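I opened this notebook to record what I looked up in one protein structure. The entries follow the order in which I consulted it.

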Amino acid sequence: MKLRKSGGASLLAIAAMLIAMPALAQEQPAASPGDIIVTAQKRSERLQEVPIAVSAVGSEFLQSRDISSIDRLGSVAPNVKIERAPSNKTISQISIRGSVTINPAITWEPAVGLYMDGVYIAKAQGSIFDVADLERIEVLRGPQGTLYGRNTLAGAVNLITKKPSGVLGGFLEGSYGNFDYKKVKGSLDLPQFGVFSVKLSGQIQQRDGFIDVVDNPYPAAVLANPRSTDETNDLDSHSFMAQVRAEPTDNLTLDYTFDYSKYDQKTDYAQLYSVNRNGDPRDIFDPASPGYPFGGAFFPLNLYERKELKSEESQDAHIFERSKATGHALTATWDVGDVTLKSITSYRNLRWDDSLDLDGSPLDVARTQRFTKYHAVTQELQATGALFENDRLKYVAGVFYFRDKAETDNPQAFFAGASTFIASYGSHTEAYAAYAQVDYDFTDQLTLTGGLRYNHEKKDIRRFLALAGSPLPPILNVPYGGVPDDKVENVSPQVTVKYEFNPDLNVYARYAKGFKSGGFNGETNISGTDPGSPGCAAPAELTCPYKPEKVDSYELGFKSQWFDRRVTLNSAVFW
């Protein structure tokens, strides 16, 4: 990993179609047409008054573009790119201002924090899921280490769902498209009974595959791995959400949410269309390589001279992608005088499996599978409020706890089974943090914001790798506790100065530090020592944790509204 310096500028013009958001549980600031209320700083504020490069889109925008998951956000914000991982449709790769984590393995950490109603979605696997009834989506660009903590080095994405209203209502939508695409989406708000309000929502999507799988022309490959599907690149997903709101007193609100998302489909078609022909001795497909008689000679190279994606293909491996994610969240909001206390408790569980034909050919060149089990527990306590005359000082403070466990079985086979591996890895993480941020209005126009967050985390690792059926000892066999835990402490500050010329025009300058967790490379296949890592036991890639990644960000921006707030124009430059 190398340090990077990046710079850029963004310009976002949003038309007045963006409407004011419905009221949240706590008191809302006054909003006029063209305003959006956001919670980017853990309290409700007008979007235009938040001195952060944040983009937010409301329910009408999301509904008109049929957006119910993050991979469909597209170009909703500048300097933001959201893609699915290669060969997988439920793993996200979110890049903000050039920072991104490409490897989707469960032991790696994303560079962008993903939150749903304040609950942290910690891993990239299973992070693409459907939410049928979103109120808005907020995209915070740049480090958000003070208020959001670990793994928000590049920014954060907040998904905010519509809460139960206590008034009977709802909607039901149906869609049909080519490739026999079918979608049903709906929401039902039930009348309030006693102190309880209930809302149910969900959607179902199904679509045929884009590419037909035809019979394998190689009899030996058919005997070893019979065809398991007629098509690839299909879609089959189900999602459901149940929300219960209880208001036992005027100043206490309890929100419980259960969400469920399941995908059972075929992976995207992986097509190898060229091979390395530069004479590298490690390339077994090159006739000049010493390894060619043991590998490449058995696989005709003309299979890889395919430059165009075709509507038919043949594979020799079972292919699938299955993801089942469930979540429980309980949020308690208690208004005590001028202070709002909030508790956010969550438990999330993920079962994620895939099976890939890496070469995408009818010959048995490379096959791999991942069977992952993951769960995470989070607890956050917040206090927000204001002090002094006219709420001149506003504050947010809190503590946060996180614990997770990940286990992956990763069998692999190469070159017609000549190299078949039994592989697995796992990790535990425990982290806690304390944070505070204060906004002080020196005058009606000048505001200074300062914040600090302390992070502490501990990680361990497990790795097993062996040749299947071999009498030799395992290549790697490192159990939990086999290497010292990785312990990291971090302090993430931020300072912002904002000057408001008038209610429709303000400028700000911001410094913020971002922090992304380090850890262990649980996928390493290297068993020897590394001379570049003195003092590390073999294998160095596994036993020596890689360091956290940090970013210092400097930003200047202005926010403005024009023509009676019918046009919004915001701009930011950063380094």
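Entry 1. I note at the outset that the model is predicted. I looked up the secondary structure and found 3 helices and 30 strands in the protein. I then turned to burial: 52% of the 575 residues count as buried. Among contacts with a separation of 6 or more, 67% are between residues 24 or more positions apart.

Entry 2. I next examined a sheet. It is open, has 5 strands in the order S4-S9-S10-S7-S8, and its pairing is mixed. Which strands stand at the edges? They are strand S4 (54-58) and strand S8 (119-121); each has a single partner strand, so one side of each is left without a neighbour in the sheet. From one strand to the next, the twist averages 20 degrees.

Entry 3. Strand S9, residues 134-141, and strand S10, residues 155-161, run antiparallel to each other and pair over 7 bridges. I looked up the bridge partner of Leu-134 and found Thr-161 in S10.

Entry 4. I turned to the aromatic rings and recorded 12 aromatic pairs in the structure. One of them joins Phe-179 and Phe-210, whose ring centres are 4.8 Å apart. Why is this pair called edge-to-face? The planes of the two rings stand at 70 degrees, and the class applies over 60, so the pair is edge-to-face.

Entry 5. I then placed these two residues along the chain. Phe-179 lies in the loop between strand S11 (169-177) and strand S12 (181-189), while Phe-210 lies in the loop between strand S13 (196-207) and strand S14 (211-213). The pair therefore ties together parts that are 31 residues apart in sequence.

Entry 6. I asked which residues ring pairs link into a cluster. The members are Tyr-115, Tyr-120, Tyr-148 and Phe-402.

Entry 7. Finally, I looked for arginines over ring faces. Arg-97 lies over the face of Phe-574, at 4.1 Å from the ring centre. Arg-348 lies over the face of Phe-129, and here the distance to the ring centre is 5.9 Å.

Key: Residues are numbered from 1 along each chain as its sequence is written. This is a predicted model: local features need pLDDT of at least 70, side-chain atom pairs count only at pLDDT 80 or more; totals for chains, interfaces and linings use all residues. Side-chain values use heavy atoms; hydrogens and water are left out. Rings of Phe, Tyr and Trp (its six-membered ring) pair if their centres lie within 6.5 Å; planes under 30 degrees apart count as stacked, over 60 as edge-to-face and the rest as tilted. Helices (H or I, at least four residues) and strands (E, at least two) are DSSP runs, numbered from the N terminus. A charge sits over a ring if NZ of Lys or CZ of Arg is within 6 Å of the ring centre and within 35 degrees of the ring normal. Two strands pair if DSSP finds at least two bridges between them. Axes are lines fitted to C-alpha atoms, for helices over the stretch in contact, and angles run from 0 to 180 degrees between N-to-C directions. Buried means under 20% relative accessible area, exposed over 50%, partly exposed in between (1.4 Å probe, protein chains only). Contact means heavy atoms within 4.5 Å.
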